[in-house]
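Hello,

Here is the structure I promised to pass on. My notes on it follow below.

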Amino acid sequence: MGNFGYLMDGFATVITMHHIVIMIAGVMLGILVGVLPGLGAPNGVSLLLPLTFTMDPISAIILLSCMYWGALFGGSTTSILFNIPGEPSSVATTFDGYPMARSGQATRALTLAFMSAGIGALAGVMMITLLSSWVARFALQFSSPEFFAVYFLAFASFIGMGSNSAAKTLVMMMLGFAFATVGMDTISGGLRLTFGLTDLIKGVSFLVAVMGLFGLGELLLTTEEGLRFEGIKARVRAIDVVRTLKEMPRYGWSILRSTIIGIWMGITPAGPTAASFMSYGLARRFAKDKSQFGKGDPRGIVSPETADHSAGTSALLPMLALGVPGSATAAVMMGGLMIWGLTPGPMLFIDRPDFVWGLIASMYIGNVVAVLLVLTTVPLYASILRVPFSIVGPVIVAIIFSGAYQIANSTFDLWLVLGFGVFGYLFKKLDYPIAPLVLAMVLGDKAEDAFRQSMLMSNGSLTIFWSNPLVSAIMALGLLMLVWPLIATAIGLRGSRRRAGQSAKA
Amino acid sequence: MAEFDKGSVSRRTMEIVTALLTSAAGLSVCYGSWRSGIGWSEMGPGAGYFPFYIGVLIILGSLVTLLRSIFLSRFRGEIFIDGKRARSVFGFFLPIVAFLIVSLFLGLYIGTALYIFASMKWQGGYRWWICILAALAVSALFYIVFEIGFQVPLLKGPVENWLGIY
């Protein structure tokens with residue numbers, strides 16, 4: 001049976017009253033989480049995760065993934081109406097989205113954003129439909145050294161492609177690995193890094209880290225900025241929506257280019273934030289008339305939105321097929337999969353095709369549902385941001401701590417969240433990237449197991465990572481990613497020198 | 001160099017403090033792993049083998065950041081936080097600490113209600129009956145969503161016990 005057959009089965013699983021209701025609920029919660037300050041997609045999914053332990057995995061993943069889509073849309077809404085990016089990945093949307101909304105074209109800006117986001121997301125899902133089983137089949141030949149090499153590649157590209165300082169990225173990533181090793185060692189059964197604290201024996205959950213770093217840290221940062229949100233009143237009129245839809249084909253090239261950028265950045269762990277910035281930058285560079293950028297150029301809305309959402313959806317491909325998530329939110333979802341007793345990676349396609357294709361089918365429907373819902377409910381969500389922070393802030397704090405308690409019914413976790421919150425605030429202000437820490441916490445055990453098994457196979461010799469063409473190729477690619485900044489500077493230097501030479505001639 | 005207001009902290013200081021903190025974390029990871037055995041056991045690499053090198057990398061990365069913040073003048077004149085902002089951050093943070101301590105004794109439902117009441121009353125300046133209504137509404141909503149909807153228990157204290165709610 002081909003992918004198409006599986007996909008149809010997936011649709012059959014997903015199109016039931018029960019699942020559609022879950023989708024709507026997920027999208028609505030997601031938009032809410034995306035709109036509220038301090039609650040982003042990773043944090044929202046973490047808060048919802050403990051509530052899904054009793055659900056069946058298909059319903060649970062539909063709920064969580066739809067929340068992710070909703071949060072991406074919610075983030076764009078606040079970017080456009082309030083000039084406050086609800087998500088880091090929608091920062092680029094504020095550049096042109098807010099000016100357009102301020103000039104009285106709020107509906108046009110929102111429609112452009114949502115439609116291009118929807119197109120980007122659907123393109124990402126189609127890519128997953130076409131490629132995932134191929135990637136999974138390829139990954140079936142992997143054994144421990146290859147898996148470790150893939151993890152190495154993922155983390156190397158974080159260091160090489162990230163916009164933050166490489167040393168800071170390294171520190172965050174390794175802190176994540178260190179947190180993952182706290183507690184019982186799965187191979188020897190001994191306790192590690194617990195420093196005599198009994199509360200640490202069960203380990204540090206990545207959910208606790210996400211709630212503190214993303215949730216509380218973000219809130220503390222928000223309080224600093226003063227707490228008045230001045231937004232633009234938006235009433236979505238159907239006639240404006242239709243008029244904007246008619247102008248969409250004009251941005252075909254921007255959408256196509258941004259989709260490709262988004263899909264690439266989503267599959268590699270660069271993630272949606274980098275994708276949206278890069279796409280915005282390229283849209284500006286390729287535009288013949290640059291004068292309108294920053295003042296409400298439609299291409300400045302369409303490009304980052306398309307890239308953001310196609311990267312967001314594409315991030316699920318490496319998570320499903322390889323077990324390596326492409327973004328912080330995907331990492332949290334992958335952690336969820338493991339808690340539900342599923343092993344992300346190539347075997348998932350063989351063991352649970354109903355789960356994989358149910359999820360993929362739900363991504364098609366979920367994104368369509370999300371576009372429709374977000375267009376109709378924007379005014380409602382915009383009004384939530386007008387509720388004073390002295391109410392919204394404490395409620396969010398209470399939700400975060402209630403969520404943290406539910407992970408393991410442990411009061412110690414509450415203090416951990418507080419600690420992570422303080423560090424999240426500190427790290428954010430000093431430009432330490434947080435996503436690598438979360439990724440490393442989720443992948444830590446798997447990466448370490450892969451490493452130790454490889455070492456066992458080779459009796460402690462590192463040459464096993466260069467023992468066959470496949471593993472060598474992945475390791476070489478990883479090393480290339482690691483030194484990429486150096487190469488890029490070298491090329492960039494040459495390029496700028498050439499340009500300088502040309503201008504001197506002219 | 002820019003003039004600092006009274007009570008403001010420079011970015012450079014915080015960069016150095018944070019780098020020192022992460023190096024300390026790296027050192028404790030190394031120490032902890034060393035205690036679990038970083039060598040080779042009969043079952044292959046020991047339990048501390050992998051985390052030991054993680055700790056080493058944390059220290060290396062922190063040292064690079066530390067040296068860069070000390071010797072490069074990138075953040076010179078940049079302010080991490082000034083007095084006014086620090087006050088509003090602490091004004092938000094300290095009530096959270098109080099909320100946690102109260103919740104440990106009285107449970108999360110009562111803790112939440114008190115915390116929301118207090119924040120609305122003293123930071124939002126609302127009338128007391130609005131604050132009470134909002135606080136009760138949020139706690140009741142939590143109860144409905146968590147205990148009834150998803151059937152996951154939240155931390156409870158003596159008051160729930162006394163009321164007979166489990």
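**Salt bridges and a surface patch**

D297(A) pairs with R299(A) in a salt bridge, with 2.9 Å between the closest N and O atoms; the term stands for a side-chain nitrogen of Lys or Arg within 4 Å of a carboxyl oxygen of Asp or Glu. D297(A) is buried at 4% relative accessible area, while R299(A) is partly exposed at 23%. Buried means under 20%, exposed over 50%, and partly exposed in between (1.4 Å probe, protein chains only).

Before you go further: this is a predicted model, in which local features need pLDDT of at least 70 and side-chain atom pairs count only at pLDDT 80 or more, while totals for chains, interfaces and linings use all residues. Residues are numbered from 1 along each chain as its sequence is written, chains are lettered from A and ligands numbered from 1 in the order written, and side-chain values use heavy atoms, leaving out hydrogens and water.

Over all chains there are 15 salt bridges. One of them joins D431(A) and R11(B) at 3.4 Å, N to O. This pair crosses between chains, from the loop between α18 (412-429) and α19 (435-458) of chain A to helix α1 (residues 11-36) of chain B; helices are DSSP runs (H or I, at least four residues), numbered from the N terminus. D431(A) is partly exposed at 42%, whereas R11(B) is buried at 6%. Both belong to a salt-bridge network that also links K168(A), E15(B) and E78(B).

In chain B, E147(B) and K156(B) form another salt bridge (3.3 Å, N to O). E147(B) is buried at 14%, and K156(B) is partly exposed at 25%.

Best wishes

Technical notes:
Helices (H or I, at least four residues) and strands (E, at least two) are DSSP runs, numbered from the N terminus.
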